[in-house]
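Work through these exercises with the structure open. Try each task before reading its solution.

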Amino acid sequence: MLLVLLLSPLLAGFVRKVKARLQRRIGPPLLQPYRDLARLLRKEVVLAQNASWLFRVIPYIIFAGTWVAAALIPTFRSGLLFSWSADLIAIIALLGSARFFLALAGLDVGTSFGGIGSSREVMIASLAEPAMLMIVFTLALVAGSTQLSTMAGYMLSSAVGLRVSLGLAVIALIMVAIAENARIPVDNPATHLELTMVHEAMVLEYSGRHLALIELSAWLKLLLYVSLIACLFAPWGLAGPEADSKMLAIGGVAYLAKLAVGGVLLAVFETVIAKMRVFRVPQFLGAALMLGLLATLLLFVSRSL
Amino acid sequence: MATLIETLPHQRKADHHRPWPRLIVGAEGWRLATGYLATGHLTLLGLWGDGPIVHMAVLDQRDVAVLSYECKKGTFPSVSTAHPPAGRMERAVRDLNGLNAVGAPDTRPWLDLGFWETGRPLGKGCAATKPAPYKFLPAEGEGLHQVAVGPVHASIIEPGHFRLTCNGEHVVRLEQRFGWTHKGVESLMAGSSLNKAAQLAGRVSGDSTVAYAWAFAQAVEAARQMQVPPRAIYLRALMAELERLANHFGDIGAVCNDASFAIMHAHCGILRERTLRAAHACFSHRLMMDRIVPGGVSNDLAPEGLAQIRALLEDAKLKFPRLVELYDNTASLQDRTVTSGIVRAELARQYGAGGYVGRASGRGFDARRAFAYAPYDTLIFEVPVLNAGDVDARVWIRIREVEQSMALIEQIMARLPNGAIRTPLAGNGQVREGVGFAEAFRGDVMVWLRLAGDGRVERCHLRDASWFQWPLLEAAIEDNIVADFPLCNKSFNCSYSGHDL
């Protein structure tokens, strides 16, 4: 659990750095996100006059929800301490409730930007979540379980082979991950333009330790999705439940390598594409939903596809 | 054939107003001119107050005239009733000079936000008044909500307030409000020496400092009927084209950055920086501020500067086409810029929009071509015109102008004559008036001034191209979505500082 907490700012810093290098900039140092967190934690919290108690509580709820969800994903070994307690659907539910509270926080202060951000976020979520569930169904049907450890174990076994439905599912999952993490082309995490923001618009009113928690949650979420994709579709090197220290070391190195590859791919993708218009986002996510649906249907038609 | 301007009934022509005439008109001439503006036979170039007189500059093809109307009891017949582009200028005249436009449809203050120490600073002056709360234009309908942006923005752009009335994501109406960068330039100009006034003119809008200084110098030289040495003329053009190059590079990148395509921004930023460094090497100032002075230029070209410019041009010729290709071939970027923020050609013509805003909407006006001031009368260049009027067209006009500017710089360097760079100012001890134009990267800058006998500036008016471009942004954004507003705004890139004065 601590591992994901410690690693997530590093991943965010890494993506930023790669993006900067691709644009021929030097970019901020890799450890900058940690420094940002330390700076924000030292600062006092400025609250809007009309902020309710909800506004103050929400950062903790979001952080707790995201952290638990992230901790449930097998990173370098399967058979986690808590994996009996929650499956993939629970992870989605945790993330969904975190988002629900974030949207509430955006509306709470009553600024127009917060409202715009929340409305856009909910619009995106209403399409991303069904797509995500479809992907889960596909995987569950293939692996015969919604437990992540079981799924990863099944994926590692030789029984899987090359399947069309899994191919569709991974594309859909990547699309959902981009939308959920507010990356280009759905949202721009680095923008300063209030009117184009989605995620940033909702957290405009936050400051100090509240903002630190929300930022950390966003980075955790990014790590979560990269880990999820790695665990489900590239589970190589994942140590089993009763692995020795050597296996664990291999698992750890493989995990870091997967994160790095994921980060580089994300940065490259974000560099070569411009942001899409807000009303193109439903089409983008609709495609993800359709891919997920198609993958599930294919499985019903034939178990071997 | 007599031009339309000459047929206007006028009481007399002002003495010593150069290079175009100034007609002193009565109510009849004023109304007739207003009618011609409304029918599109004349184009409005500016409207400003001068003591009890209100001046209006109009354009007829390539002829300019200044019409002067003496206000009795501080009122003049409103132009904006028939010709809306004059509306904001009339409101500014009232705020600054205290002259009221009779019958104007909009009587709200414009530049005076209620923070000034004295009201009507250019007129008689009065105690500052606390204005009534500003009433934004109403938009009624079910489900409409307002989004207020600015005047403090999240980035380091200038202050301006935008009130968007939206239905969900669709913009129903945009209303702008400016005045936060009002610095009282025209009040400071009055009574200042020519040197100080030239410096002030160069500080109206920092990114167009060369164009402002040039327009100011042209007005002074016209008023004093001075000859400028040929080398100074070419050096001025060199500075102006370098300034245009730097700003267009910056803008092309910035428009793409607002569509979150940061790589164009990074590469264009490099080109812009190289241009500024070349400018620094040539004229020992990155923005070339205070280098153009009435009578010539203050610094000669540094000998090593030409090599820097040549290196810049070679580099840009290599890299810029690849950037243009990248812009043209990125489908996701084209999807954002094509068909968003369309300015209709009729509006561009009615408002007399200059610069890339006008030229992207079919109005091919360029002060360098229309007034053919030296050295542009002998240089070969094209004025690109497109008809689409969207963000994409405004980017393409900039791209084409970058190419033209690079070709112009090469011509200037090849023809650069030797000789003096400055003629001493000739003071003839009499009141003289002059008008000057220069094409800034945004569009035409106009400077009108009256010099007193002792060589001081009595009254000077500077008009930025943005006066006629800002209102078009309000029209362009309608029916677009809220998230596209920053993109449209950046493609206009109007000046706040030049507008607020």
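**Exercise 1. Confidence**

What pLDDT does chain A average, and what share of the residues score at least 70?

*Solution.* This is a predicted model, in which local features need pLDDT of at least 70, side-chain atom pairs count only at pLDDT 80 or more, and totals for chains, interfaces and linings use all residues. Residues are numbered from 1 along each chain as its sequence is written, while chains are lettered from A and ligands numbered from 1 in the order in which they are written. pLDDT is the predictor's confidence in each residue, from 0 to 100. Chain A averages 87, and 96% of the residues reach at least 70. Next, go down to elements; helices (H or I, at least four residues) and strands (E, at least two) are DSSP runs, numbered from the N terminus. In chain A, confidence is lowest in helix 6 (residues 148-156), with a mean of 82. It is highest in helix 2 (residues 32-42) of chain A, at 93.

**Exercise 2. Where the chains touch**

Which elements of chain B supply at least two residues each to the side that touches chain A?

*Solution.* First, the totals: 24 residues of chain B contact 23 residues of chain A. The elements of chain B are strand 11 (144-149), helix 7 (262-283), helix 9 (331-337) and helix 15 (485-492). Helix 9 of chain B gives the most, with four residues. By class, the chain B side splits into 15 nonpolar, four polar and five charged.

Then take two residues of chain B. Ser260(B) sits in the loop between helix 6 (230-258) and helix 7 of chain B. Burial goes by the number of other C-beta atoms, placed from the backbone, within 10 Å: 20 or more is buried, 12 or fewer exposed, in between partly exposed. Ser260(B) has 26 such neighbours, so it is buried. Ser260(B) touches Ile184(A), Asn188(A), Thr191(A), Ala274(A) and Lys275(A), leaving aside residues up to four places away in sequence. Ala266(B) belongs to helix 7 of chain B.

**Exercise 3. A helix pair in chain A**

At what angle do helix 1 (residues 2-22) and helix 2 of chain A pack?

*Solution.* Axes are lines fitted to C-alpha atoms, for helices over the stretch in contact, and angles run from 0 to 180 degrees between N-to-C directions. The angle is about 120°, and the axes lie 7 Å apart. Angles under 35 degrees are roughly parallel, over 145 roughly antiparallel, 65 to 115 roughly perpendicular, and the rest oblique. Helix 1 and helix 2 of chain A are therefore oblique. Helix 1 of chain A brings Pro9(A), Ala12(A) and Gly13(A). Helix 2 of chain A brings Gln32(A), Pro33(A), Tyr34(A) and Leu37(A). The contact has five nonpolar, two polar and no charged residues.

**Exercise 4. Backbone exceptions**

Where do the cis peptide bonds to Pro185(A) and Pro375(B) lie?

*Solution.* Recall the background: most residues other than glycine have a negative phi, and most peptide bonds are trans. The bond from Ile184(A) to Pro185(A) is cis, with omega near 10°. Pro185(A) lies in the loop between helix 7 (164-180) and helix 8 (199-202) of chain A. Ala374(B) and Pro375(B) are also joined by a cis bond, with omega about 0°. Pro375(B) is in the loop between helix 12 (367-370) and helix 13 (391-415) of chain B. Now look at phi. Arg24(A) has a positive value near 60°. Arg24(A) is in the loop between helix 1 and helix 2 of chain A, and counts as exposed with 12 neighbours.

Key:
Two residues are in contact if their C-beta atoms, placed from the backbone, lie within 7 Å. Ala, Val, Leu, Ile, Met, Phe, Trp, Tyr, Cys and Pro count as nonpolar, Asp, Glu, Lys and Arg as charged, and the others, Gly among them, as polar.
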